[in-house]
There are 2 protein chains.
Amino acid sequence: MIRLSVLYPKTEGASFDHDYYRDKHVPLACKTFGLASAEIDKGLDGPYVAAVHFKFDSMEAVGAAMGSAGIGDVMADIKNYTTIQPVMQTSETVD
Amino acid sequence: MIRLSVLYPKTEGASFDHDYYRDKHVPLACKTFGLASAEIDKGLDGPYVAAVHFKFDSMEAVGAAMGSAGIGDVMADIKNYTTIQPVMQTSETVD
């Protein structure tokens, strides 16, 4: 499995609307990527204020999701909950 | 639930023994923390070469794990697989 993590670094003067993120943005991203769900984190301590983890069957599936028709709408929605520039991490999950 | 992520940043000149991490270190950490399992990541793209995600029922459980008798052995074992200084992130998982 491939884990695609999107991490939002704590940024001076930036806000993050956790409710919008949970209720609107992540569901939109899941629908666009064809995923049933994702894991959302609200940061308590450490460098990140929020994160989401999507799981895909393969790197090909990640590529297909990133190239899906609705990706522009997902990207355009970011301004509705934060001005933070997210960090992307792609990893293979180890069994 | 609380997610405790330990993230290993890509570091010039540093190595990371993924096999030792999976077979020895993470099982030792789980045993020490009283957890049945954890999720391990092998970085493919992004700022981290490896990560592990532990899930706890509460911050009190995280505190108990960090104060457990074997924590010194867990910390002392890090030198056996890497010289990278890990980054810790504690988050509340959002349903």
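Which side chain meets Glu39(B) in a salt bridge? I went looking and found Arg3(A), at 3.0 Å, N to O. For salt bridges I used a side-chain nitrogen of Lys or Arg within 4 Å of a carboxyl oxygen of Asp or Glu.

**Ground rules**

I am working with a predicted model, where local features need pLDDT of at least 70, side-chain atom pairs count only at pLDDT 80 or more, and totals for chains, interfaces and linings use all residues. Residues are numbered from 1 along each chain as its sequence is written, chains are lettered from A and ligands numbered from 1 in the order in which they are written, and side-chain values use heavy atoms, with hydrogens and water left out.

**Entry 1: the salt bridges**

I went back to the opening pair. My helices (H or I, at least four residues) and strands (E, at least two) are DSSP runs, numbered from the N terminus.

I checked how open the two partners are, taking buried as under 20% relative accessible area, exposed as over 50% and partly exposed as in between (1.4 Å probe, protein chains only). Arg3(A) is buried at 0%, while Glu39(B) is partly exposed at 22%.

Next I looked up Glu39(A), whose side chain meets that of Lys55(B) in a salt bridge of 2.5 Å, N to O. Glu39(A) belongs to strand S2 of chain A and Lys55(B) to strand S3 (residues 48-56) of chain B, so this pair also joins two chains. I have Glu39(A) as partly exposed at 23% and Lys55(B) as partly exposed at 29%. I also noted Asp41(A) with Arg3(B), a salt bridge of 2.9 Å, N to O.

For contrast I picked a pair inside one chain: Arg22(B) and Asp19(B), at 3.5 Å, N to O. Both are in helix H1 (residues 18-33) of chain B, three residues apart, which is about one turn of the helix. Arg22(B) is partly exposed at 30%, and so is Asp19(B), at 47%. I also found one network, in which salt bridges with shared partners join Arg3(A), Lys55(A), Glu39(B) and Asp41(B).

How many salt bridges does the whole structure hold over all chains? I get 10, and six across the interface of chain A and chain B.

**Entry 2: the interface**

I counted 26 residues from chain A and 26 residues from chain B in the contact (heavy atoms within 4.5 Å). The buried area is about 2,100 Å², with carbon and sulfur atoms giving 50%; that is accessible area (1.4 Å probe) that two parts lose on being put together, summed over both. On the chain A side, Leu44(A), Gln89(A) and Val94(A) lose the most area to chain B, together 24% of what that side buries.

I then listed polar contacts: 17 residue pairs cross the interface, both residues at pLDDT 80 or more. The rule wants N or O atoms within 3.5 Å; within protein, one must be able to donate a hydrogen and the other to accept it, and residues adjacent in sequence count only if both atoms are side-chain atoms. From chain A, strands S1 (2-9), S2 (39-45), S3 (48-56) and S4 (87-94) each supply at least two residues to the side that touches chain B. S4(A) gives the largest share of that side, eight residues.

Pairing takes at least two DSSP bridges between the strands. I see Ser91(A) opposite Gly43(B) in S2(B).

**Entry 3: strand S3 of chain A**

Is S3(A) largely enclosed or open? I find seven of its nine residues buried, so S3(A) is largely enclosed by the rest of the structure. S3(A) pairs with S1(A) in the antiparallel sense over eight bridges, with Pro9(A) opposite Tyr48(A). S2(A) joins S3(A) by four bridges, also antiparallel, and there Lys42(A) faces Ala50(A). Their hairpin has two residues between the strands, and Gly46(A) takes a positive phi near 120° in it.

**Entry 4: Ser5(B)**

Last, I looked at Ser5(B), in strand S1 (residues 2-9) of chain B. Ser5(B) is buried at 4%, and a polar contact of 2.8 Å joins its side chain to that of His53(B).
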